[in-house]
Amino acid sequence: MQSGIVSAPSTFRVGGVQYVAFQTGKGGAFPLVAGVAGGATRKVPNLPRLVVLKIGGTVKFPAPPATTTLAWNPPAKIGTPEQIAAGKAHFGRYCQVCHGDSAIGNGFTPDLRVSATLTNADAWKSVILDGALKDRGMVSFARVLTPQDAEAIRAYVIERSNWTKANLSDTAAPMGR
Ligand code: HEC
């Protein structure tokens, strides 16, 4: 099916022909939030489809879409250990729900460890505090985070990015890790 199967199947008969229908994709909150436990490193593509199979059917799937490889060039580490720890706590409270446990990309939202905004404090703040991407589902967190908090989160994600590069060999993976 080229992706995960996320719904229970249903089956029905039309004009004497039986069909089996189900949905594919990564789907649900778990893969979004759960990092490695949610299958982030398994490289299952998110292909949201309603698949209907027909008994005796002969149509084949189109070729799966190509995956892109992300360049892995973490910026130099910033922040004190205390700032990184504070950033980790803020990340767990406000960001993990969409950007994954330990900032491990999930294939739905950008993998922050390879985000170009990581290298630029102003670009980072414009997204997190000024809502630069609010029309695309990334709202401003200015109500709950100060500029210092946002910078602490950036320090934490930079630390995660460097850790990944240093400790895992397959860092050119299209998503996950
Ligand atoms: C409700 C879900 C959600 C939450 C919570 C969330 N984000 Fe996002 N974030 C998104 C989505 C969706 C995008 C992609 C927007 C787009 O398509 O440009 C995004 C994009 C970003 C980007 C831009 C990445 C890039 O390279 O384009 C950054 C940086 C970012 N988020 C940081 C954070 C931080 C830090 C937090 C916690 C304070 C956070 N996000 C919380 C959904 C979320």
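Trainee: Which helix supplies the largest share of the shell around the ligand in this predicted model?

Mentor: Helix 2 does, with five residues of that shell. Helix 2 spans 81-99, and helix 3 (121-128) likewise supplies at least two residues of the shell.

Trainee: What makes the pair Arg154 and Glu151 a salt bridge?

Mentor: Their side chains meet at 2.7 Å, N to O. The cut-off is 4 Å between a side-chain nitrogen of Lys or Arg and a carboxyl oxygen of Asp or Glu, so the pair is a salt bridge. Both residues lie in helix 4, three residues apart, about one turn of the helix.

Trainee: Why is Arg154 called buried?

Mentor: Arg154 has a relative accessible area of 7%. Buried means under 20%, so Arg154 is buried.

Trainee: Why does Glu151 count as partly exposed?

Mentor: Its relative accessibility is 23%. That value falls between the limits of 20% and 50%, and therefore Glu151 is partly exposed.

Trainee: How do you know that Lys134 and Asp135 form a salt bridge?

Mentor: Their closest N and O atoms are 3.8 Å apart. This lies within 4 Å, so the pair counts. Lys134 and Asp135 are both exposed.

Notes: Residues are numbered from 1 along each chain as its sequence is written. This is a predicted model: local features need pLDDT of at least 70, side-chain atom pairs count only at pLDDT 80 or more; totals for chains, interfaces and linings use all residues. Side-chain values use heavy atoms; hydrogens and water are left out. Helices (H or I, at least four residues) and strands (E, at least two) are DSSP runs, numbered from the N terminus. Buried means under 20% relative accessible area, exposed over 50%, partly exposed in between (1.4 Å probe, protein chains only).
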